[in-house]
Amino acid sequence: MVSRVIPVDPFDLVIFGGTGDLARRKILPALFRRFRDGQMPEDARIIGAARKDQDADAYRQSVREAFAEFLRPSEQGDPAMEAFLDHLDYLPIDAMGDGGWSELKGKMRDDVPQAFYFSVAPSLFGALAERLHTHGIAREDARIVVEKPFGRDLGSAQALNATLAAHFDETQIYRIDHYLGKETVQNLMAVRFGNVLFEPLWNAQYVDHVQITVAEEVGVGGRGAYYDKSGAMRDMVQNHLMQLLCLTAMEPPNRFEPDAVRDEKLKVIRALDPVAPADIVRGQYNGAKGASYLEDAEASDSRTESYIAIKLHIANWRWHGTPFYLRTGKRLKARASEIVVHFKETPHSIFDEDAGRRANVLSIRLQPDEGIDLRVTIKEPGPGGMRLVDVPLDMTFAEALGPDAENVPDAYERLIMDVIRGNQTLFMRGDEVEAAWAWTDPIIAGWRDRNDKPVTYEAGSSGPEEALMLMHRDGRRWREIA
Ligand code: NAD
């Protein structure tokens, strides 16, 4: 399968925090790949900006080193790399200071789209936004890109939105949730809205329940003290799992356009019922295989969760009575993210009792091995009566794409090109983020008020026993994490 590359217009992209981890690991490799595949035009310019006092040559050398570390083995030594590095420039700029801004203004062109990636701590967003304006650099059509975490509660998210809104219109702000840039997540929308097969069944009448899992093998070691101020609810559920939930549950937007899609997502968040304490399980991993959460977090009395499972309901006609089970955690048995839609069992079996009752399952895998698989029932081949088996109708990209499978684009490739194209569809709107915090805040406040303590789970397991019970008591069970 040959992928079609449509080049974007020339652009000026400034990466504040251009020497940081995110720039080295994700943003610059993504830009390189788009350049290599012919999507970035010759007169595109990328300007790294950070506090470090160095010239453009030294910056290019540091990016060369980042590529040696973060590009795939098959990409190393690609002759396109040096040509890409020619597009890079650098300016030492302190977000809080006044040096370097006039030089930046001198480098920006008037006749190409301009984008500013704020790959710095959110505490610097205000200083950057203000200086881009006081120094007359950002035009009215400039775009800014901001990363998670977007606040730690409703109040701080509102404050952050207000800081940005003082200088930029909502149409200029691109809030990244990189889960939305994943091929499979977009494919979820293609499957839902590009086929007539699924949408009539996509409701409480035919869907028994939905499971959304984001499981990680790694613990929080290395950034434990930082993570301990956040926890799984703030770090994963409020943003990534919430976005996956929205795309799964939303009504069909009338167009695949920014506000049409984001309006529908917002309606889902606003329709979420409050969650009863009995429908939430919080956990911390023990030290069975290495350091425990408490050791990693360097806080022996921490009540922050490294795992959370939640059963929730969406109060609308489509989903009345269909629970959504969400879970995410660190130090689990495998790294696996998926959305699983469990359809109801066939209402009546015309076959013998031993044929069993059958239910279709649609699973959308985000990682590893992005792909979609639908389990359908067929007759087991051969003589011996009507024995039924479930087989996968596999839409794994690895098979559909053949040798190109390794090149499934990273989420950042898609998202950065969308910024350049000026398409906000896969970015979060300010009111969505606030609505998600408005749902999250009372849950977290309840834990604080009740002095809620997470349970312990075995490192390397599927999570706490209590989370298994959350399903079992409803006569359901989680899919194996694999
Ligand atoms: P980092 O600490 O590695 O890099 C921070 C960058 O900001 C550096 O380039 C540094 O020079 C620059 N910087 C710091 N203070 C500055 C100042 N006063 N003026 C100008 N530049 C300054 O951080 P990171 O991991 O690259 O993260 C950047 C942002 O992206 C953060 O908001 C983070 O939460 C978010 N984020 C990072 C990741 C990731 O994988 N690293 C993932 C999601 C979100």
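Some conventions before the details. Because the model is predicted, local features need pLDDT of at least 70 and side-chain atom pairs count only at pLDDT 80 or more, while totals for chains, interfaces and linings use all residues. Residues are numbered from 1 along each chain as its sequence is written, and side-chain values use heavy atoms, with hydrogens and water left out.

I start with the domains. The assignment for the protein chain gives domain 1 (12-147) and domain 2 (180-472); such bounds come from an automatic or database domain assignment. Their C-alpha centres lie 33 Å apart. Across the boundary, 17 residues of domain 1 are in contact with twelve residues of domain 2, where contact means heavy atoms within 4.5 Å.

Next, the core. A nonpolar core here is a set of buried Ala, Val, Leu, Ile, Met, Phe, Trp, Tyr and Cys residues joined through side-chain atoms within 4.5 Å. Buried means under 20% relative accessible area, exposed over 50%, and partly exposed in between, with a 1.4 Å probe and protein chains only. Which members of the largest nonpolar core touch the most other members? They are F16, L31, L104 and F116, out of 142 residues. Helix α9 (residues 231-249) supplies the largest share of this core, eleven residues. Both domain 1 and domain 2 contribute at least three residues each. Helices are DSSP runs of H or I with at least four residues, strands are runs of E with at least two, and both are numbered from the N terminus.

Take F16 as an example. Setting aside neighbours within four places in sequence, its contacts include A49, W101, L104, F116 and L132.

Now helix α13, residues 411-421. Is this helix mostly covered or mostly open? Mostly covered: nine of its eleven residues are buried. Among them are Y412, L415, M417 and I420, but also E413 and D418. The buried residues of α13 pack against β1 (12-16), α1 (21-36), β4 (114-118), β5 (143-146) and β6 (173-175).

L22 lies in helix α1, and beyond its neighbours within four places in sequence L22 is in contact with I27, Y117, S119, E147 and Y412. L22 counts as partly exposed because its relative accessibility is 23%.

On the surface, I350, F351 and M386 form a nonpolar patch with about 290 Å² of accessible area together. F351 sits in the loop between β11 (336-345) and β12 (359-367). At 30% relative accessibility, F351 counts as partly exposed.

Last, the backbone. Most residues other than glycine have a negative phi, and most peptide bonds are trans. The bond from K148 to P149 is cis, with omega near 0 degrees, and P149 lies in the loop between β5 and α6 (154-165). Q367 and P368 are also joined by a cis bond, with omega about -15 degrees. E298 has a positive phi near 50 degrees and counts as exposed, at 67% relative accessibility. N451 has a positive phi of about 55 degrees and is found in the loop between α14 (430-450) and β15 (455-457).

Methods. Patches are made of residues with over 30% relative accessible area and no salt bridge: like charges are joined within 9 Å, nonpolar side chains (Val, Leu, Ile, Met, Phe, Trp, Tyr) within 5 Å. Accessible areas come from the Shrake-Rupley method with a 1.4 Å probe; for residues, only the protein chains shown count as cover. A salt bridge is a side-chain nitrogen of Lys or Arg within 4 Å of a carboxyl oxygen of Asp or Glu.
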